[in-house]
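This briefing sets out selected features of the structure shown below, grouped by topic.

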Amino acid sequence: MLFHIFSSQKERKEFGGSCFLEMQYCRLAQDDKIEKIVSVESIVFWKDDSLYIYGDDIDTFLSYYKNIFIGGIYNNKNSGVVDIYGINYYDQTHTHLIIESMKKMQPLEYQVVLHWLEKAKAYNGFYILGI
């Protein structure tokens, strides 16, 4: 299983400690400045409704998804491919583009991610937070 959802942080810790990429909804306001959105101080890690990719599975994740999760904005406000060690922010526009790409490409376990991303429409996009 490539993607994990945990019912509690205790369950996550028992599974694999802290070696995960975390896909997390951005709960900040849409009119917040990008500097705030990608600031380390704005991030609260380990949400129960996050989607997790275990460290041992990151290479597999990237092999299937690196061409889908592009254009994320980093902490330094540059953008590009997924930075597995940093903040990657995807706004609503990118969320919609990613959903469409995923429907077309149908990578491994895409239904899990697609279901999770549909919920991201209710937020100010989402993050992929590095290990």
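**Cysteines**

Zero disulfides are counted in this structure, which is a predicted model.

- Cys 26 is buried, because its relative accessibility is 0%.

**Helix α3**

- Helix α3 spans residues 58-65, and its buried residues are Ile 58, Phe 61 and Tyr 65.
- Viewed down the axis of α3, these buried residues lie within an arc of 60°, so they line one face of the helix.
- An α-helix has 3.6 residues a turn, so residues three or four places apart point the same way.
- The cover over the buried residues of α3 includes the strands β1 (3-4), β2 (20-25), β3 (51-54) and β7 (126-129).
- Helices α4 (92-105) and α5 (110-120) are also among the elements that cover the buried residues of α3.

**Nonpolar cores**

- The largest nonpolar core holds 26 residues, of which Met 23, Tyr 65, Phe 69, Met 102 and Phe 126 touch the most other members.
- At least two residues of this core come from each of β2, β3, α3, α4, α5 and β7.
- Helix α5 gives the largest share of this core, with six residues.
- Met 102 is in contact with Tyr 65, Ile 68, Phe 69, Pro 107, Tyr 110, Val 113, Leu 114 and Leu 117, when neighbours within four places in sequence are left aside.
- There is a second, separate core of eight residues, and among them are Ile 37, Val 38, Ile 87 and Tyr 89.

**Loop position Ser 42**

- Ser 42 lies in the loop between α2 (34-37) and β3.
- With a relative accessible area of 22%, Ser 42 is partly exposed, because the buried class requires a value under 20%.
- Excluding residues up to four places away in sequence, Ser 42 touches Leu 28, Lys 36 and Ile 37; Ile 37 is also a member of the second core.
- Ser 42 and Arg 27 are 15 residues apart along the chain, and their C-alpha atoms are separated by 9.7 Å.

**Loop position Gly 55**

- Gly 55 is located in the loop between β3 and α3.
- The C-alpha atoms of Gly 55 and Ile 84 are separated by 9.7 Å, with the two residues 29 residues apart along the chain.

Note on methods: Residues numbered from 1 in each chain as written. Predicted model: local features only at pLDDT ≥ 70, side-chain atom pairs only at ≥ 80, totals over all residues. Heavy atoms only, no water. Buried < 20%, exposed > 50% of the residue type's maximum accessible area, 1.4 Å probe, protein only. Helix = DSSP H or I, 4+ residues; strand = E, 2+ residues; numbered from the N terminus. Arc of directions from axis to C-beta. Contact = heavy atoms within 4.5 Å. Disulfide = S-S within 2.5 Å. Core = buried A, V, L, I, M, F, W, Y, C linked by side-chain atoms within 4.5 Å.
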